Amino acid sequence: MTGTPTPVPQGRTVIDRVEWAELPADLCAAVEARTGTVTAAHTVTEGLNCTIALALRTTHGGRLFFKGVRHTDEVGMAALQCEERINPTVGGISPAIRYRFDAAGWAALAFVYIDGRHADLGPGSSDLPAVAATMNRMHDLRLPHFPIPQFADRLLKFCSPDEAEHLAGDHLLHTDTNPHNIVIGNHGGDAYVVDWAMPAIGPAWVDPAYTAVRLMECGQSPADALAWLDGFTSWRQASEHAVRVFVDATCRHWAATVGDRGAEPSNARFRHLLAYDRTAIARMPSRRRRLQQPL
């Protein structure tokens with residue numbers, strides 16, 4: 001990924017992974033009792049919400065993505081439990097959970113393994129149509145039957161209650177569509193959105209807007225990122241005032257988290273969202289087709 005990375009979420013730090021050979025014997029035994037012998041284990045370095053992140057090859061369970069945390073990691077446990085509860089809701093968008101484990105002071109989930117790679121969001125990428133197609137499908141996800149935080153509440157410290165009302169919505173949001181959370185399948189080229197540890201309920205346009213900022217982070221020009229974003233009906237219909245509240249509150253959030261200087265590269269990208277022209281009748285349809293549709 002090129003450009004300046006978005007700051008690490010507040011309250012989390014970069015995690016040192018625990019290898020398969022370093023795990024407690026009781027946990028490994030619990031896994032192999034259900035999956036058969038683990039014949040290969042490769043550590044996945046990306047991500048912030050788990051201490052164990054392994055691609056496993058097993059004799060009976062096939063290939064699995066295995067992630068877990070210690071019981072003492074309250075933030076990690078909350079994220080893992082959220083992923084477990086929301087998994088049935090995001091079926092087809094995110095890999096299904098095959099197994100759950102709780103042993104030796106650890107909790108872990110084993111997901112269906114997606115044979116693929118992280119999405120390329122940079123200039124000239126052929127992955128953008130698949131990413132857009134999956135995000136449009138995310139607009140239609142039903143809400144889970146358990147409480148999910150309101151997106152507006154996440155930014156309430158950085159805007160007034162009246163402003164926060166403009167960020168109300170009734171769509172399930174992922175809220176962290178960085179390239180490492182989007183996997184492009186090697187067979188068929190479909191895009192999968194993984195790591196549903198920070199979902200929220202809010203306006204449907206929020207995830208596409210976050211992703212457009214990621215496109216800029218990965219080297220896309222603001223004009224091309226906005227042209228890609230223009231392909232989403234939810235974005236085209238978004239209130240200009242709501243988008244301004246979103247951008248201003250997000251910029252204040254990152255400035256409070258990492259300081260004005262550290263936040264400025266990311267905040268500058270968010271401010272480009274305000275340049276979108278909602279009054280134009282035609283907004284570069286040929287460019288939008290090129291960026292959104294299969295080649």
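A: Helices (H or I, at least four residues) and strands (E, at least two) are DSSP runs, numbered from the N terminus. On this basis, aspartate 230 lies in the loop between helix H7 (222-229) and helix H8 (233-236), and the whole chain has ten helices and ten strands. This is a predicted model, in which local features need pLDDT of at least 70 and side-chain atom pairs count only at pLDDT 80 or more, while totals for chains, interfaces and linings use all residues. Residues are numbered from 1 along each chain as its sequence is written, and side-chain values use heavy atoms, with hydrogens and water left out.

The second largest pocket has a volume of about 530 Å³. A pocket is an open set of points on a 1 Å grid over the protein atoms alone, where a 1.4 Å probe fits and protein lies on both sides within 12 Å along at least five of seven lines; lining residues have an atom within 4 Å of a point. The volume is the space filled by probe spheres set on the points, which are joined across faces, edges and corners. The lining has 28 residues, and Val44, Phe65, His118, Val183 and Val194 are the closest to the centre of the pocket. By class, the lining has 13 nonpolar, nine polar and six charged residues (nonpolar: Ala, Val, Leu, Ile, Met, Phe, Trp, Tyr, Cys and Pro; charged: Asp, Glu, Lys and Arg; polar: the others, Gly among them).

The largest share, three residues, comes from E6.

Of these strands, E5 is largely enclosed by the rest of the structure, because six of its seven residues are buried (under 20% relative accessible area; exposed is over 50%, partly exposed in between; 1.4 Å probe, protein chains only). E5 runs antiparallel to E3, to which seven bridges join it; two strands pair if DSSP finds at least two bridges between them. Within this pairing, leucine 64 has valine 112 of E5 as its bridge partner. Strand E4 (residues 97-103) is also antiparallel to E5, with six bridges, and phenylalanine 101 is partnered there by alanine 108. E4 and E5 form a hairpin with two residues between them, and alanine 104 in the turn has a positive phi of about 55 degrees.

E6 leads on to strand E8 (residues 182-185): three bridges join the two strands, which run antiparallel. Arginine 117 stands opposite isoleucine 184 in E8. Both faces of E8 are covered, with Ile182 and Ile184 buried on one side and Val183 and Gly185 buried on the other. In a regular strand the side chains alternate between the two faces of the sheet. E8 also pairs in the antiparallel sense with strand E9 (residues 191-193), over three bridges, and isoleucine 184 stands opposite alanine 191 in E9. E8 and E9 form a hairpin with five residues between them, and glycine 188 in the turn has a positive phi of about 105 degrees.
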